[in-house]
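Hi,

Here is the structure I said I'd pass along. Have a look at it first, and then read on for what turned up.

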Amino acid sequence: MDIDTLLKQVKNVHFIGIGGAGMCPLAEILVSLGYNVSGSDNNDTETFRRIEREGAKVFLGQVKENISSDTELVIYTNAILAGNEELEYAKANFPCFERAELLGAMSRIFTNCIGVCGTHGKTTTTSMITQVLLEAGLDPSAVIGGKLPAIDAYGRYGKSQNFVCESCEFNNTFLKMNPDIAVILNIDEDHLDFFGNLENIKKSFRAFADKTTKTIIYNGDDENTVDTLRGINGKKLISVGRNPKNEWVAENVVVPGGFHSHYDVYHNGEFITTVELSVPGEHNILNSLCAFAAAYESGADVKSICAGLKAFKGASRRFELLGKYNGITFADDYAHHPAEIKVTLEAAKKMGFNNVWAVHQPFTFSRTSLLLDDFAKVLQIADKCVISAIMGSREVNTIGIHASDLAVKVPNSVQLDTFEEICDYVLANAKDGDLVITLGCGDIYKVARMMVNKLKQQTK
């Protein structure tokens with residue numbers, strides 16, 4: 001039986017890995033819809049306790065006894081390793097579906113599902129749309145890849161038919177979905193360990209567009225995106241960008257130093273309004289204009305859209321400002337692809353700091369090897385660069401790539417394996433007026449927090 005049918009018939013749902021950032025908001029929505037939700041996790045995290053407060057019955061540790069005999073459906077995350085006792089028991093005794101299948105089913109439950117995809121900018125744009133719809137009183141549900149400060153969570157349940165969700169291309173996860181509105185931010189070479197080449201990536205994005213039921217909002221300035229959508233039929237196509245040929249256009253763009261910028265919005269050549277942003281970087285012009293178009297298409301009024309975009313100060317780990325200590329400013333960013341690192345460091349360089357320190361953790365051996373020269377080029381944008389050991393994640397280093405292979409291509413960079421070494425080195429060498437920004441999708445954020453905590457201790 002498919003998951004759409006099961007969700008209409010069952011009431012008792014168990015989550016294996018319920019505390020995960022991608023699992024918790026889905027569980028929260030099911031609780032709000034009246035399901036009896038239980039779940040387990042190996043880590044006692046903020047999200048684990050959050051879903052407990054929302055009404056789920058939770059278990060710390062993963063054993064088969066966690067699953068009640070009343071369970072009718074089990075949802076698990078693909079982060080669960082093979083041989084996990086609880087998952088093996090679930091698969092042998094209950095209907096089981098991976099998280100992506102549930103997200104796909106939810107995209108079909110709501111009548112206005114906005115699926116935000118793209119190689120870069122998904123979390124920021126999903127967060128922007130969510131905040132704008134909240135500002136407009138449209139009470140959206142949401143599943144976001146990062147924490148949105150406005151709701152202090154990775155997602156929420158709203159009582160409207162608006163559902164905003166981050167739609168990730170890795171492993172073709174987003175092909176489980178059928179959004180009503182697709183937002184395609186960009187298409188670039190990434191996750192090549194899965195896709196193999198750019199053409200396969202474009203084929204997957206085309207399939208996502210084909211599965212969209214009504215409207216596609218897309219980056220009309222991105223050649224790969226335009227090529228991918230060429231010849232598509234039966235959908236409303238809305239182009240967004242800086243080029244005047246687009247339907248929605250950002251003109252008179254001003255991106256000064258600091259965390260603020262502004263631009264004029266034109267629709268089919270007609271001036272609509274001026275948007276002010278409170279997040280840095282020229283890349284956020286496009287993100288916010290896509291959010292503007294998606295919110296407008298969903299019924300938000302222009303005044304509320306502008307208010308929501310101005311109030312948005314970023315999602316967690318997206319140029320997240322951690323504070324200023326001993327005259328040194330610390331920030332953290334999720335950037336883990338050369339294109340993302342480039343726009344983040346270019347934004348940082350325009351902000352008036354004496355020196356910009358890039359503390360980068362390469363993620364996966366395959367990506368580091370395939371994009372080695374691209375990583376080396378963009379890391380040179382920073383004034384100072386420190387490179388940690390590669391975080392292999394799901395991979396084994398069968399190709400013999402090492403962080404030192406990247407460091408040798410970045411002049412005057414330093415390669416240090418451990419977080420303790422990196423923390424000590426940066427604190428010994430960073431000066432008053434510098435910015436230190438950690439970059440990566442692994443656990444490099446811990447380094448920024450280690451440095452901040454050390455400086456806090458010194459001032460006590």
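Predicted model: local features only at pLDDT ≥ 70, side-chain atom pairs only at ≥ 80, totals over all residues.

Towards the S15 end, S14 and S15 are antiparallel and share 7 bridges; histidine 262, for one, has glutamate 276 in S15 as its bridge partner.

The loop between strand S13 (248-254) and strand S14 (261-267) holds proline 256, which is partly exposed at 39% relative accessible area. Proline 280 is 24 residues away in sequence, with 8.8 Å between the two C-alpha atoms.

What about disulfides? The count is 0. For cysteine 24, the nearest cysteine sulfur is that of cysteine 165, 16 Å away; cysteine 24 is buried, at 3% relative accessibility. Cysteine 117 is buried too, at 0%. Its sulfur is 9.8 Å from the closest cysteine sulfur, in cysteine 168, so the two are too far apart for a bond.

Salt bridges are another story: there are 20. A few to look at:

- Arginine 206 and aspartate 210 meet at 3.5 Å, N to O. Both are in helix H8 (residues 198-211), 4 residues apart, or about one turn. Arginine 206 is partly exposed at 23%, and aspartate 210 is partly exposed at 40%.
- Lysine 349 and aspartate 383 meet at 2.8 Å, N to O. Lysine 349 is in helix H12 (residues 338-349) and aspartate 383 is in the loop between helix H14 (372-379) and strand S19 (384-387), so this pair ties together parts 34 residues apart in sequence.
- Lysine 409 bridges to aspartate 373, with 3.0 Å between the closest N and O atoms. This pair also links distant parts of the chain, 36 residues apart: lysine 409 is in the loop between helix H15 (403-407) and strand S20 (414-415), and aspartate 373 is in helix H14.

Cheers

Technical notes:
Residues numbered from 1 in each chain as written. Heavy atoms only, no water. Helix = DSSP H or I, 4+ residues; strand = E, 2+ residues; numbered from the N terminus. Buried < 20%, exposed > 50% of the residue type's maximum accessible area, 1.4 Å probe, protein only. Pairing = 2+ DSSP bridges. Disulfide = S-S within 2.5 Å. Salt bridge = Lys/Arg side-chain N within 4 Å of Asp/Glu carboxyl O.
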